[in-house]
Amino acid sequence: MGIVTYPDEVLRGKSNPIEDVDDEIVSLADRMTEALFRAEGIGLAAPQVGVLKRLIVVNLEDDFHIVVNPEIVETNEETESAAEGCLSVPGPEADVERATEVEVSGYDLDGKEVKLTREGLAARVFLHEVDHLNGTLFIDHLSETARTLTLREYRNAQKEENTRAAA
Ligand code: ZN
């Protein structure tokens with residue numbers, strides 16, 4: 001399962017809530033997990049594999065979660081800026097300002113309620129992935145100048161990639 005890249009329109013869609021964790025959802029979660037491991041990423045949302053459903057996978061050291069219908073219940077007021085990238089905008093990284101702590105709720109694949117409190121990088125990953133479900137990308141959080149530079153870097157990286165593929 002390939003990862004969809006910017007500017008594919010599916011990345012701008014709003015994902016639908018999952019009503020039933022049926023075989024289709026379990027299989028989607030499997031494919032997403034595989035794609036995430038293969039890309040050696042730390043998080044993936046269903047729109048990134050072309051499916052507008054509210055499902056995310058977070059893969060941090062000792063902190064692996066598949067969350068159905070994840071919601072950010074609360075964020076603290078303190079924010080910090082740190083480098084962020086995205087498997088759908090491969091190449092560049094840019095500083096994004098995010099809350100330092102979040103409370104996330106949702107369900108696991110057994111339909112059991114999940115409640116997580118995370119800080120730092122983990123909080124950042126959950127915020128980034130839930131953003132994807134609402135059609136928001138990390139570049140949307142940047143100033144216009146930073147976004148222009150980040151997208152330029154991205155396009156250059158894509159060009160290099162294409163040249164390599166053609167060679
Ligand atoms: Zn992303």
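1. A salt bridge here is a side-chain nitrogen of Lys or Arg within 4 Å of a carboxyl oxygen of Asp or Glu. By that criterion the structure, a predicted model, holds 8 salt bridges.

2. Arg-12 and Asp-140 form one of them, at 2.6 Å from N to O. The pair links distant parts of the chain, 128 residues apart. Arg-12 sits in the segment before helix 1 (23-39), and Asp-140 in the loop between helix 2 and helix 3 (144-166). Arg-12 is partly exposed at 40% relative accessible area. Asp-140 is partly exposed too, at 31%.

3. Glu-34 pairs with Arg-38, with the closest N and O atoms 3.1 Å apart. Both lie in helix 1; being 4 residues apart, they are separated by about one helical turn. Arg-38 is exposed, at 53% relative accessibility.

4. Arg-98 bridges to Asp-131 at 2.9 Å between the closest N and O atoms. Arg-98 is in strand 5 and Asp-131 in helix 2, so the pair ties together parts 33 residues apart in sequence. Both residues are buried. They belong to a salt-bridge network that also includes Glu-84 and Arg-124.

5. The zinc ion is coordinated by Cys-86 (SG), His-128 (NE2) and His-132 (NE2), at 2.0 to 2.2 Å. The donor spacing is C-x41-H-x3-H. Cys-86 lies in the loop between strand 4 (79-84) and strand 5 (94-99), and His-128 in helix 2 (residues 120-133), so this pair ties together parts 42 residues apart in sequence.

6. His-132 is found in helix 2. Beyond its neighbours within four places in sequence, His-132 contacts residues including Gly-13, Pro-47 and Cys-86.

Notes
Residues numbered from 1 in each chain as written. Predicted model: local features only at pLDDT ≥ 70, side-chain atom pairs only at ≥ 80, totals over all residues. Heavy atoms only, no water. Donors = N, O, S within 2.8 Å, 3.2 Å for Na, K, Ca; no water. Helix = DSSP H or I, 4+ residues; strand = E, 2+ residues; numbered from the N terminus. Contact = heavy atoms within 4.5 Å. Buried < 20%, exposed > 50% of the residue type's maximum accessible area, 1.4 Å probe, protein only.
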